[in-house]
Amino acid sequence: MTWTVAPEPFDSPEAARLRWDYYDEVASRYWGRPATAQEIEEGLTGDGAERLVPPSGEFVVGRFGGEPASCAGLLLVDAEPRVAELTRVFVRPGFRSTGGGGLLLAAIETAARDFGVRRIRLDTRNDLVEARGLYAKHGYREVPAFHRRNQYAEHWFAKEL
């Protein structure tokens, strides 16, 4: 089985399901209990995913053996030219440790370069240990907080392209 990663509309059926699963996992971890369907819907409503399309961003879906298994988004930062934020990085648990996370990051970095981006940044939480490990493994370095918009952010990373 092999991975493929390609741009896809954030609201395609497969991408929407991946975004649902992403939010379910991060919310459930944060709350220490399974998130309800209503909580997930509320979290996805107005989450800004509609900006993950050119010219303001990109959304990619990874497939393992043709099965939708991962996703990630890139959002250009209006206030800072040539800077973008990495968001909604998710690999379904059954597909972790198969190389899909690194391929997601590579696809996002390629899209970023195509947009003229020179620096990708992101924020994350303490409990998202796998994500922090993935970022560090692929050249993202912890940096001082670059904003406080996300009340859940506890770590900030950046990578120069």
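In this short talk I will walk through the sheet, the aromatic pairs, the nonpolar cores and a few charged residues of the structure above.

Please keep in mind from the start that this is a predicted model.

Let me begin with the sheet. Seven strands form an open sheet, and their order across it is S1-S2-S3-S4-S5-S7-S6, with mixed pairing. At the edges are S1 and strand S6, which covers residues 141–142, and each of these two pairs on one side only. As a reminder, strands of a sheet pair through backbone hydrogen bonds, and they may do so in a parallel or an antiparallel way. S1 and strand S2, residues 57–64, pair in the antiparallel sense over five bridges, and within this part of the sheet Pro7 stands opposite Val60 in S2. Helix H1, which spans residues 13–31, packs on the sheet and touches S2, strand S3 (67–76) and S4, and its direction makes about 85 degrees with that of S4.

Now let us stay with S2 for a moment. On its other pairing, S2 and S3 run in the antiparallel sense over eight bridges, with Glu58 standing opposite Leu74 in S3. The hairpin of these two strands has two residues between them, and there Gly65 takes a positive phi near 60 degrees.

Eight of the eight residues of S2 are buried, so the strand is largely enclosed by the rest of the structure.

My next topic is the aromatic rings. A pair of aromatic rings is described by the distance of the centres and the angle of the planes. The model holds six aromatic pairs. In one of them, the rings of Trp3 and Phe95 have their centres 6.3 Å apart and their planes at 75 degrees; an angle over 60 degrees counts as edge-to-face, and so this pair is edge-to-face. The pair links distant parts of the chain, because Trp3 is in strand S1 (residues 3–7) and Phe95 is in the loop between strand S4 (83–91) and helix H3 (100–114), 92 residues apart. Are these two residues buried or exposed? Trp3 is buried, with a relative accessible area of 12%, and Phe95 also counts as buried, at 15% relative accessibility. Ring pairs also bring in Phe64, so that Trp3, Phe64 and Phe95 are linked into a cluster.

From the rings we can move on to the nonpolar cores. The largest nonpolar core has 27 residues, and the ones that touch the most other members are Leu86, Ile120, Tyr135 and Tyr140. At least two residues of this core come from each of S2, S3, S4, H3, strand S5 (119–124) and helix H4 (129–137), and H3 gives the most, with five residues. If we leave aside its neighbours within four places in sequence, Leu86 is in contact with several residues, including Leu105, Ile108, Ile120, Tyr135 and Tyr140. Apart from this core lies another one, of ten residues, among them Phe10, Val61, Cys71 and Leu75.

Lys159 has its place in strand S7, residues 155–160, and Lys159 is buried, with a relative accessible area of 17%. What does the side chain of Lys159 join through a polar contact of 3.1 Å? The partner is the side chain of Glu109. Glu85, found in strand S4, counts as buried at 12% relative accessibility, and a polar contact of 3.0 Å joins its side chain to that of Arg121.

Glu154 is found in the loop between S6 and S7, and at 40% relative accessibility Glu154 counts as partly exposed. Leaving aside neighbours within four places in sequence, Glu154 is in contact with Thr124, Arg125 and Asn126, and the side chain of Glu154 reaches the backbone nitrogen of Asn126 at 2.6 Å.

Terms used. Residues numbered from 1 in each chain as written. Predicted model: local features only at pLDDT ≥ 70, side-chain atom pairs only at ≥ 80, totals over all residues. Heavy atoms only, no water. Phe/Tyr/Trp six-rings, centres within 6.5 Å; stacked < 30°, edge-to-face > 60°. Helix = DSSP H or I, 4+ residues; strand = E, 2+ residues; numbered from the N terminus. Buried < 20%, exposed > 50% of the residue type's maximum accessible area, 1.4 Å probe, protein only. Pairing = 2+ DSSP bridges. Contact = heavy atoms within 4.5 Å. Axes fitted to C-alpha atoms, helices over the stretch in contact; angles between N-to-C directions. Core = buried A, V, L, I, M, F, W, Y, C linked by side-chain atoms within 4.5 Å. Polar contact = N/O pair within 3.5 Å; in protein donor to acceptor, adjacent residues only side chain to side chain.
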